[in-house]
Amino acid sequence: MSVLLEAENLTRILPETIPVTLVRDVSLTIAEREFVAITGPSGSGKSSLLYLLGLLDRPTGGTLTIEGRDTAPMSDGELARTRLEMLGFVFQFHFLLPEFSARQNVEIPMRKLGRLSRRQMRDRAGELLAMLGLEDHCEKKPYQLSGGQRQRVAVARALANDPPMVFADEPTGSLDSKSSEQVFQTLRDLVTGRGKTVVAVTHDLDMAARMDRRIHLVDGMLADAVDD
Ligand SMILES: Nc1ncnc2c1ncn2[C@@H]1O[C@H](COP(=O)(O)OP(=O)(O)OP(=O)(O)O)[C@@H](O)[C@H]1O
């Protein structure tokens, strides 16, 4: 399996009067077609690590390569472009734009990348929504959808530019158990059915146990490093 992301001694320290260490010396690799959970107690740095791996934040130490390319010398513009092409994001609260339909929300990352015609974007958004069982809801606004449906629109939006990797931060955290299971199955299908890599922060240990690998953090460090 080819490696997509490689972190070596990844560290993020906030330069406060008393510096706050969010992530410390984390080394890991994430390969194609992996379904990885990031677990750990509240405040252990799970979201901070996800933001670093997702190129939403820059480390203060260590290295991060994506498909073999070092991210340190990349400008903010290059990082944004790499995110658009390589990475999709699903957050606990869907962050769909309320004034736009489901379809228009899914088109947004395609518009930003600017590779497809209006017609192609429209068609692709419709196909993605249909793949997630939302073919009858394309023209609805987020407030007209259930929590689980909104989260599946967010998954469709994450897939808009066909990235190899999807990051999810507590994707089922605000859903009831039935919708959680649907969203979990949707993420699982991305890996087994579509060959994506999915990395998800979760508090839900049962869910983490059903994923293929677990990265456990304690105080911003990998738990196996803490055990040493
Ligand atoms: N901007 C910030 N300024 C100060 N402290 C911060 C900041 N961002 C995060 N922290 C602290 O860093 C630690 C790690 O936060 P992070 O959100 O990554 O943890 P988490 O494991 O995702 O937590 P949770 O499970 O509660 O969401 C926490 O103690 C948090 O309070």
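Predicted model: local features only at pLDDT ≥ 70, side-chain atom pairs only at ≥ 80, totals over all residues.
**Entry 1, the open sheet.** I began with the strand order, and I read an open sheet of 6 strands, β6-β7-β8-β3-β9-β10, with mixed pairing. I noted β6 (87-90) and β10 (221-222) at its edges; each has a single partner strand, so one side of each is left without a neighbour in the sheet. I then took up β7 (residues 165-169) and β8 (residues 197-201), which pair in the parallel sense over 5 bridges, and looked up aspartate 169, whose bridge partner in β8 is valine 201.

**Entry 2, helices on that sheet.** I found helix α5 (residues 147-158) packed on the sheet, where it touches β6 and β7, and its direction makes about 170° with that of β6. Helix α6 (residues 177-192) also packs on the sheet, touching β3 (35-39), β7 and β8, and I recorded an angle of about 150° between its direction and that of β8.

I followed β1 (residues 3-14) to β4 (residues 61-66), to which it is joined by 5 bridges in an antiparallel arrangement, and I noted isoleucine 66 of β4 as the bridge partner of leucine 5. From β4 I went on to β5 (residues 69-70), where 2 bridges join the antiparallel strands and isoleucine 66 stands opposite arginine 69. The hairpin of β4 and β5 has 2 residues between its strands, and there I looked up glutamate 67, which takes a positive phi near 45°.

How do the axes of α3 and α4 cross? I read that the axes of α3 (residues 102-113) and α4 (residues 118-131) come within 9 Å and cross at roughly 120°, which makes α3 oblique to α4. The crossing is right-handed. In the contact I listed residues on both sides, including Val106, Met110 and Arg111 from α3 and Met121, Ala125 and Leu129 from α4; the residues of this contact divide into 7 nonpolar, 1 polar and 5 charged.

Which residues are around the ligand? I wrote down Leu14, Val20, Leu22, Gly40, Ser42, Gly43, Ser44, Gly45, Lys46, Ser47 and Ser48. Sorted by class, the shell holds 3 nonpolar, 7 polar and 1 charged residue. I checked which elements contribute, and β2 (20-31) and α1 (46-53) each supply at least two residues of the shell, with α1 giving the most, 3 residues.

Notes: Residues numbered from 1 in each chain as written. Pairing = 2+ DSSP bridges. Helix = DSSP H or I, 4+ residues; strand = E, 2+ residues; numbered from the N terminus. Contact = placed C-beta atoms within 7 Å. Axes fitted to C-alpha atoms, helices over the stretch in contact; angles between N-to-C directions. Near = placed C-beta within 6 Å. Nonpolar A, V, L, I, M, F, W, Y, C, P; charged D, E, K, R; others polar. Parallel < 35°, antiparallel > 145°, perpendicular 65-115°, else oblique. Left-handed = near helix turned anticlockwise from the far one by under 90°.
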